[in-house]
Amino acid sequence: MSKFWSKIVHELTPYTPGEQPKLNNLIKLNTNENPYGPSPKVIEALQAEAADSLRLYPDPNSDRLKEAVANFYGIKPTQVFAGNGSDEILAHVFQALLKHDQPLLFPDISYSFYPVYCGLYQIQYKTVALTDTFEIDVNDYMQPNGGIIFPNPNAPTGRLLSLQEIERLLIANKESVVVIDEAYVDFGGQSAIGLMDRYPQLLVTQTLSKARSLAGLRAGFAVGHPDLIDALHRIKDSFNSYPLDRFAIAGAVAAMNDREYFEMTRQKVIASRERLVEKLNALDFEVLPSGANFIFAKHATHDGAELTAKLRERSIIVRHFKNPARISPFLRITIGTDQECELLVSALIEILKA
Ligand SMILES: *Cc1c(COP(=O)(O)O)cnc(C)c1O
């Protein structure tokens with residue numbers, strides 16, 4: 001607390017990111033990073049970028065990245081916004097598109113950054129409970145609102161909502177923006193980007209942090225009607241003209257262009273997930289169906305906090321959420337390499353035997 005702080009600083013409840021341990025002998029299954037490194041073409045592009053040209057500012061609008069995204073999805077660059085990680089894009093989205101007289105709606109169990117942005121930008125919001133099976137029921141969102149946002153697949157549950165259900169929501173909700181946060185969509189979902197031309201209120205955000213292994217680079221994008229994209233540009237250009245540096249632009253373009261590597265690594269993660277789920281089921285875990293690069297799992301008799309602590313004693317870190325109480329029995333486990341998953345399973349066998 002300081003007398004020098006602006007009033008709003010006293011009132012903020014900042015987001016707590018998952019631990020980034022300083023020790024490097026840990027098996028890190030806590031923040032949904034990709035277990036495989038980025039494409040070798042990304043590394044090449046970054047090396048080429050380490051040059052005299054760094055004295056020059058980057059392209060303020062990241063046009064090359066917009067083109068690469070447009071090319072990947074068969075859309076127009078004017079339908080793409082690029083940002084310094086999708087967290088930054090989401091911040092702009094909240095400020096530019098989701099602050100209205102009616103409350104913003106999002107699930108009670110979801111990405112915990114959403115209420116933080118509401119605090120930062122003083123946006124009214126209302127949470128909508130997931131069903132008993134931790135699913136989003138779009139009928140629950142058919143009520144007055146100033147916007148709707150949720151991840152698909154949802155985090156931290158991993159549960160996927162079908163495109164038909166998303167379309168049903170878009171048909172019923174034409175007067176406010178619907179944001180689908182597709183941070184994990186490449187691990188089992190289908191992007192809602194294909195619906196964009198029919199629904200000008202739809203905005204889709206994606207990140208290169210998860211399926212394209214670039215969490216350390218900070219790059220993401222949003223896709224939607226040019227009017228929505230314009231609003232994001234107005235905020236960006238009132239905040240930071242150069243959010244993506246030269247490395248981020250070069251690396252992200254190379255990652256979007258290397259489809260083969262992207263396909264190979266995401267299929268490996270999906271296959272490892274299916275194997276891990278089977279093994280956990282055999283150990284008496286209930287695992288929610290996951291379309292993501294993580295799973296949400298609860299043991300029949302052992303508590304989530306206890307298992308998290310005991311795994312940590314064995315140098316394996318997973319994520320546990322105390323609140324709300326409904327999810328405190330669960331562990332959120334990032335899918336690692338098969339070897340990491342094996343080590344996790346062996347550690348759990350030991351813990352459960354004790
Ligand atoms: C990881 C994640 C993001 C943010 O990704 P960055 O691009 O790394 O900022 C956004 N939404 C959800 C649901 C995520 O899990």
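**Pockets of the predicted model**

The lining of the largest pocket draws at least three residues from each of domain 1 (15–37 + 260–353) and domain 2 (40–257), the domain bounds being those of an automatic or database domain assignment. The structure is a predicted model, in which local features need pLDDT of at least 70 and side-chain atom pairs count only at pLDDT 80 or more, while totals for chains, interfaces and linings use all residues. Residues are numbered from 1 along each chain as its sequence is written, and side-chain values use heavy atoms, with hydrogens and water left out.

About 1200 Å³ of space lies in this largest pocket (a pocket being an open set of points on a 1 Å grid over the protein atoms alone, where a 1.4 Å probe fits, with protein on both sides within 12 Å along at least five of seven lines, and lining residues having an atom within 4 Å of a point). Of the 46 residues that line the largest pocket, Tyr15, Thr16, Tyr111, Ser112 and Arg319 lie nearest its centre. At least two lining residues come from each of helix H4 (86–97), strand E3 (104–107), helix H5 (113–121) and strand E4 (125–128). The lining of the largest pocket comprises 21 nonpolar, 15 polar and 10 charged residues.

The second largest pocket has a volume of about 200 Å³, and its lining includes Thr16, Pro17, Asn30 and Arg319. Helix H10 (304–313) and strand E11 (316–318) are the elements that give two or more residues to this second lining, and E11 gives the most, with three residues. The lining of the second largest pocket divides into four nonpolar, five polar and three charged residues.

Conventions. Points joined across faces, edges and corners; volume = space filled by probe spheres on them. Helix = DSSP H or I, 4+ residues; strand = E, 2+ residues; numbered from the N terminus. Nonpolar A, V, L, I, M, F, W, Y, C, P; charged D, E, K, R; others polar.
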